[in-house]
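Hi,

Here is the structure I promised to pass on.

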Amino acid sequence: MTEQMPQEPLTKSQATLQTSGLCKAFGDVEVLRGLDITVEPGVVYGFLGRNGAGKTTTIRAIIGLQPADSGTLRLFGEHVSTPGPEQKRRIGYVSQEQHFYPWMSCQRIGRFVAGFFPDWDQVEFDRLLEAFQLPP
């Protein structure tokens, strides 16, 4: 067994995601109250909790769909009030509810979403279709 050296705490500029004091209310209902999160590079972070606990609101605030009322947000070492295109390109988010038109094939969906990503990799997309045995 090898002994691991204690790691120094991450500085704000090293964290992939960091929130500090994030707050969000809907009317009189406080959904987020002073939320502090730090996510290290390479870490997959998930939210578990009962309905109404603020999971979706937190994610929506982080990705800029529903700005927080107060607090700070840092993405990839940069302070942001709302993530811009560069930060959004680096965020992976899969909603619990997917809305696709029934007439869209996998290839059509791929062509549609490719327009949102300047560095879209069609070869990788096709490889994943095959790997998951999805009809193009």
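Leu17 sits opposite Leu75 of strand β3. The strand β3 covers residues 70–75, and five bridges connect it to β1, with the two running antiparallel. On pairing, two strands count as a pair if DSSP finds at least two bridges between them. Helices (H or I, at least four residues) and strands (E, at least two) are DSSP runs numbered from the N terminus.

Before I go on, a word on what you are looking at: this is a predicted model, where local features need pLDDT of at least 70 and side-chain atom pairs count only at pLDDT 80 or more, while totals for chains, interfaces and linings use all residues. Residues are numbered from 1 along each chain as its sequence is written, and side-chain values use heavy atoms, with hydrogens and water left out.

Back to the strands. β1 (residues 17–26) also pairs with β2 (residues 29–39), in the antiparallel sense and over seven bridges. Here Leu22 is the residue facing Leu35 of β2. The two strands make a hairpin with two residues between them, and Gly27 in that turn has a positive phi of about 65°.

Next, helix α1, which spans residues 55–62 and has Thr57, Thr58, Ala61 and Ile62 as its buried residues. They lie on the same side of α1, because they cover an arc of only 135° around the axis. (Buried means under 20% relative accessible area, exposed over 50%, and partly exposed in between, with a 1.4 Å probe and protein chains only; the arc is that of the directions from the helix axis to the C-beta atoms.) Among the elements covering these buried residues are β1, β2 and β3. After α1 comes Gly64, with a positive phi near 85°.

The loop between α1 and β3 is worth a look too. Gln66 is located there, and it is buried at 18% relative accessible area. Its contacts (heavy atoms within 4.5 Å), leaving aside neighbours within four places in sequence, are Lys24, Phe26, Thr57, Arg60 and Ala61.

How many salt bridges does the structure hold? There are three, a salt bridge being a side-chain nitrogen of Lys or Arg within 4 Å of a carboxyl oxygen of Asp or Glu.

- Asp69 and Lys24 meet through their side chains at 3.5 Å, N to O. Asp69 is in the loop between α1 and β3 and Lys24 is in β1, so this pair ties together parts 45 residues apart in sequence. Lys24 counts as buried, at 13% relative accessibility.
- Glu30 and Arg33 meet at 2.7 Å, N to O. Glu30 is partly exposed at 44%, whereas Arg33 is exposed at 65%.
- Arg127 and Glu124 have their closest N and O atoms 2.8 Å apart. Both are in helix α4, three residues apart, or about one turn of the helix. Arg127 is partly exposed at 45%, and so is Glu124 at 31%.

Finally, have a look at α3. Its buried residues are Ile109, Gly110 and Ala114. In the loop between α3 (106–114) and α4 (122–131) you will find Phe117, which is partly exposed at 32% relative accessibility. Together, Phe112, Phe116 and Phe117 make a nonpolar surface patch of about 320 Å². Patches consist of residues with over 30% relative accessible area and no salt bridge, with like charges joined within 9 Å and nonpolar side chains (Val, Leu, Ile, Met, Phe, Trp, Tyr) within 5 Å. The areas come from the Shrake-Rupley method with a 1.4 Å probe, and for residues only the protein chains shown count as cover.

Cheers
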